[in-house]
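The following paragraphs lead the reader through a structure, one topic at a time. Please keep the sequence and the model in view while reading.

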Amino acid sequence: MQIQLTKEQKIILRHNHGVGFITAGAGTGKTTTLLEYVMQHILNEGADPEDFLILSFSNAAGEEFNDRLLLNKNKHGGALKRLDQVDVMTYDAFGKKIIQEHYAEFGFRNVPVVVTNTKRLRKCAAKIAQKQGAEKKALTKDVTRTYHGLTMDNDNPLVDKVLKVFAKVKQRRNLLDFKDMMSLLQGDKVAYITRAAKHYRYLLVDELQDTDCLQAKMLVTLASAIPTVLMVGDPKQNIYEFRGALARNWQDITSKLKPKEYTLTKTQRIPQQSLPFINAIGKEIYPGAPLSSDIKGQPIQYISCQDFGNEQALFIANEIKRLINQGLAKVDEIACLGRTRRMLSDLSILLVDQRVDVIENYRKRTEVHLRGIRNLCRMVSFLKRSRDSTSLELPENRANNLASWLKRLGASPTEIETVLTNLSKKGWKAVSVASQIDGKEPPHYRRILNFRNYIDQAVQAEEPQKIIAYLSNALRMVLRRRHKKLDLHLLIRDLAELEIQSRQFKHWNQIDLKLLDRSEPETGVFLGTMHGAKGREWKYVFVINCVEGIVPIHYAKTDDLVKTRHAVVSEKRLFYVACTRHKIGLYLVNSPTSLVGYKNKKRKDLKFKEPSVFIENHKKLLKYQEAAKRKVSTE
């Protein structure tokens, strides 16, 4: 199908020299414009595919661009058959390519190996904290925040020391991390960027608003050496400031390059009925031309819920069923977006209870807890057969499982070896460690003791549901040491589902481990965070819990007025992204909610019920309804 370009896009395609900046609104065809630019200049301007360098913010964005580019490979009688030779990469990949080509000049013995985690950095911080008598947890936190550019005002001298030691460790071990791919190309090494730039005639940059300060410096260097440059972005969608993509980076690039400015304002996604509200929010974020549209849709629905219970989920479930049953949308053309993963998790449980299939995009795909529960079941089965014996000879695979669990619970290699040795003498009671070390109870003593007792209780029980419940409690002791708080919450939620599944069995011997599984539907309503919605679109979108304290988030407001103002604008940009993902209908659901917060290490229950100020300021532009009074037909 032939793409119909707008007048604004056609003007941009004529840009053939110097630096061009495109300020493009949501859904205005940013990526399409860059794709057409590449193809038109190959077809009409005699450009070679190898003349192009396309830089993107993330691997996902780069892969999507590349896939869409290659779809045109066989068009125009084979004139575009070499499109796979266009260089599409992230900033990090471009930096890595330069460093690996000139590794000796950067102090490496051989081509450096890429390391993708900060485990060694944390080890360096722990060692220096121990030597200097500093608090390990606090120093590690300061070091990682400084390392990732999340703070620039850290005056702790130990932080600099850790970073210097870590740099030497990487150099000695011939390692290269993502930060090095940019930071090593600063100072006198900038010349390597200029040298690499001479291979290209065209530089195209997507999602310019997401660049951090090092990437911005790289772009300025590249733009000074490449004849034709085209950069596209939307300052209203700058939602990655926590990664260093500061709003001022856009202004810095503009002031240094003095580009020719273009705009894309005609959205090819958002219906015209939604634009008064969206343009009003956008105007408060960044000045510029408002969006326009020829697309028909429905007015934005502002739904008010009154209770802290299930009213929001019931409304969303009924509305989703209505949209599907009336043929207005398929299940995978609907999304629910939330500010936090915890709220989405709670909504997921309620939607599933209403027989609505969901795909939870915000959670990591893992089966570690499912494998764990199955291995624990096999361990219990073995222990049940051996419970009359005072000694215990574990098969090799069961012994390895036990050693792995003890390690995750915090036991040392010596303690693990002692436990495995004593099993033949003391039986399951051997699963323990010393209760006192240097006059203090070690933190892992209580964890291992509880783990042992839960499994012992499972061995004594006969009802399948009780056994699975005890094993779930035992597995939680292991998972707590491995997963962050919210990921742990999701895994524990899965274990609770397994407990319910176990009701189908009447006796322990009837349990089929293959049936203890958490299977996801192939298609379902998309559940994701506002951050995770960036770059996506659906026919219908529900934005949940639009109350003050969630949208904007409660910790955005502090005693510092300057920081509060900046944080609230950042939250408004995030809300703007969520409000520009729909193609037909948008529902803003104002539902009271509660969160657990901590202040000075003390738990505090937070309740939020006042409507979001982002919505209340423009309420007259929305179609207001109360969820309780809305008549919904699911037929």
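The residues that line the second largest pocket divide into 13 charged, 2 polar and 2 nonpolar. This model is a predicted one, and the pocket in question holds about 1,200 Å³ of space. Its lining consists of 17 residues, and those nearest the centre of the pocket are Arg122, Lys137, Thr140, Arg481 and Lys484. Two elements give two or more residues to this lining, namely helix H5 (119-132) and helix H6 (136-147). Of the elements, H6 gives the most, with 5 residues. Which domains supply at least three residues each to the lining of the second largest pocket? They are domain 2 (113-173) and domain 4 (367-510).

Domain 1 is made up of residues 7-94 and 187-268, and domain 2 of residues 113-173.

Val115, Asn117, Arg120, Phe166, Lys170 and Leu175 form its lining. By type, these lining residues comprise 3 nonpolar, 2 charged and 1 polar.

In helix H4, which spans residues 91-101, the buried residues are Tyr91, Phe94, Gly95, Ile98 and Ile99. Viewed down the axis of H4, these buried residues fall within an arc of 130°, and they therefore line one face of the helix. The spacing along the sequence can be understood from a general rule: an α-helix has 3.6 residues a turn, so residues three or four places apart point the same way.

Burial is also found in the loops. Ser274 lies in the loop between strand E8 (260-264) and helix H12 (275-285). Is Ser274 buried or exposed? Its relative accessibility is 0%, so Ser274 counts as buried. Apart from neighbours within four places in sequence, Ser274 is in contact with Gln298, Ile300 and His582.

Most residues other than glycine have a negative phi, and most peptide bonds are trans. Glu207, which is not a glycine, has a positive phi of about 55°. Glu207 is placed in the loop between strand E6 (202-205) and helix H10 (213-225). With a relative accessibility of 17%, Glu207 counts as buried, because the cut-off for burial is under 20%.

Asn545 is another residue other than glycine with a positive phi, in this case near 50°. The loop that holds Asn545 runs between E13 and H21. Asn545 is buried as well, its relative accessible area being 4%. Pro552 also lies in the loop between strand E13 (538-543) and helix H21 (561-578). Which residues are joined by a cis peptide bond? Val551 and Pro552 are joined in this way, and omega is about 5°.

Note on methods. Residues numbered from 1 in each chain as written. Predicted model: local features only at pLDDT ≥ 70, side-chain atom pairs only at ≥ 80, totals over all residues. Heavy atoms only, no water. Helix = DSSP H or I, 4+ residues; strand = E, 2+ residues; numbered from the N terminus. Buried < 20%, exposed > 50% of the residue type's maximum accessible area, 1.4 Å probe, protein only. Arc of directions from axis to C-beta. 1 Å grid on protein atoms, 1.4 Å probe; cavity = no way out; pocket = protein on both sides within 12 Å on 5 of 7 lines; lining within 4 Å. Nonpolar A, V, L, I, M, F, W, Y, C, P; charged D, E, K, R; others polar. Domains from an automatic or database assignment. Contact = heavy atoms within 4.5 Å. Points joined across faces, edges and corners; volume = space filled by probe spheres on them.
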